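Please keep the structure at hand while reading.

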Amino acid sequence: MTQKNLLHVDWSTIPAPIDDGAADHLVGMTVPSIGLRATDDTLVDLSALPGRTVVFAYPRTGEPGKVSLVEDWDMIPGARGCTPQTCSFRDLFGELKAAGAAHVFGLSTQSNAYQTEMASRLHLPFPVLSDETLELTHALRLPTMEIAGLTMIKRLALIVDDARITHVFYPVFPPDRNAGDVLAWLKDNRVA
C-alpha cells in the first residue's frame, strides 16, 4: 500500500494503543551516558545535558508516496502518526522552549541518514536522535514493538531534568496532540 498524506489522519479510524505498563518504571530513572547521532551531525549524550530536556519517541516516520513498511500499518495500535507527532513538536517548538525546555529532541530507531532526510523535508528546528543500535532503548527498557523484523520504540515522550526522567507521557494518542500535552505539563511544572 502506498502511503497517503502523512499529516491528515482521521484518528477515529485508527486503533488507539493501550497502557500496557511498559513505561511504568521510567520515572525516576537516570538516563545512561550513551552518545546518539543527531540529524545536525552531532553526537548527543542526554545524560550530559543540563536543565530540562523533552524527548519524544516514535516508531518510524514515513515517506510520502513510498510503500508502507507493512500493509496494515495503520491498524497497528500506536504505529500511525509519527509525522503528525513530529510536526506538532515542530509547530510548538518556540512555545516549548519558552515554557522551560532547554532541549527538544525526536528519537527513533531509524538510521541517521533516514532521519536527516525527514528532518530536512519537515523543516525541523530541533535534532532527531538515532538509536539504530537500540543501546538507549535497551538501557532504559523503553517500550518497543516488533514489525517486519524491526524493533521500534513505542510512541512516548519523556521529560528529563538534569539526566533524571521526571515525567512520562505513555501511551500517546492521538499523536498530533502530544506536543500540546507536553506544553501544558511544562507550563504547570516550571522549574525555578
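In this predicted model, the count of salt bridges comes to six.

| Salt bridge | N to O distance |
|---|---|
| Aspartate 161 and arginine 52 | 2.7 Å |
| Arginine 80 and aspartate 74 | 2.9 Å |
| Arginine 121 and glutamate 117 | 2.9 Å |

An α-helix has 3.6 residues a turn, so residues three or four places apart point the same way. Here arginine 121 is partly exposed at 27% relative accessibility, and glutamate 117 is partly exposed at 34%.

Seven strands make up an open sheet of mixed pairing, in the order 2-1-5-4-3-8-9. Strand 2 (43-45) and strand 9 stand at the edges, and because each has a single partner strand, one side of each is left without a neighbour in the sheet. On average, neighbouring strands of this sheet are turned by 35° against each other, direction ignored. Within the sheet, strand 1 and strand 5 pair in the antiparallel sense over two bridges, and arginine 37 stands opposite serine 130 in strand 5. Helix 3 packs on the sheet, where it touches strand 1, strand 4 and strand 5, and its direction makes about 165° with that of strand 5.

Which residues of helix 3 are buried? In this helix, which spans residues 112-121, they are Asn112, Tyr114, Gln115, Met118 and Ala119. Seen down the helix axis, these buried residues fall within an arc of 155°, so they line one face of helix 3. The cover over them includes strand 1 (35-38), helix 1 (82-91), strand 4 (103-108) and strand 5 (128-130). The face turned away from the buried side carries the exposed residues Ala113 and Ser120. Just after helix 3, histidine 123 takes a positive phi of about 55°.

**Nonpolar cores**

The largest nonpolar core has 27 residues, of which Val54, Phe89, Leu96, Val104, Phe126, Val182 and Leu186 touch the most other members. Two or more residues come from each of strand 3 (52-57), helix 1, helix 2 (93-98), helix 3, strand 8 (156-161) and helix 5, and helix 5 gives the most, with five residues. With its neighbours within four places in sequence left aside, valine 182 is in contact with Val54, Phe89, Leu96, Ala157, Ile159 and Phe169. A second, separate core of 25 residues includes Ile34, Val44, Leu156 and Ile165.

**Backbone points in the loops**

The loop between strand 9 (164-169) and helix 5 (178-188) holds proline 171, and proline 174 lies in the loop between strand 9 and helix 5 too. The peptide bond from tyrosine 170 to proline 171 is cis, with omega near -10°, and the bond from phenylalanine 173 to proline 174 is likewise cis, with omega near -10°.

Positive phi values occur at residues that are not glycine, including leucine 134, at about 65°, and arginine 141, at about 55°. Leucine 134 is placed in the loop between strand 5 and helix 4 (135-140) and counts as buried at 14% relative accessibility, while arginine 141 lies in the loop between helix 4 and strand 6 (144-147).

Definitions and conventions: Residues numbered from 1 in each chain as written. Predicted model: local features only at pLDDT ≥ 70, side-chain atom pairs only at ≥ 80, totals over all residues. Heavy atoms only, no water. Buried < 20%, exposed > 50% of the residue type's maximum accessible area, 1.4 Å probe, protein only. Helix = DSSP H or I, 4+ residues; strand = E, 2+ residues; numbered from the N terminus. Arc of directions from axis to C-beta. Contact = heavy atoms within 4.5 Å. Pairing = 2+ DSSP bridges. Axes fitted to C-alpha atoms, helices over the stretch in contact; angles between N-to-C directions. Core = buried A, V, L, I, M, F, W, Y, C linked by side-chain atoms within 4.5 Å. Salt bridge = Lys/Arg side-chain N within 4 Å of Asp/Glu carboxyl O.
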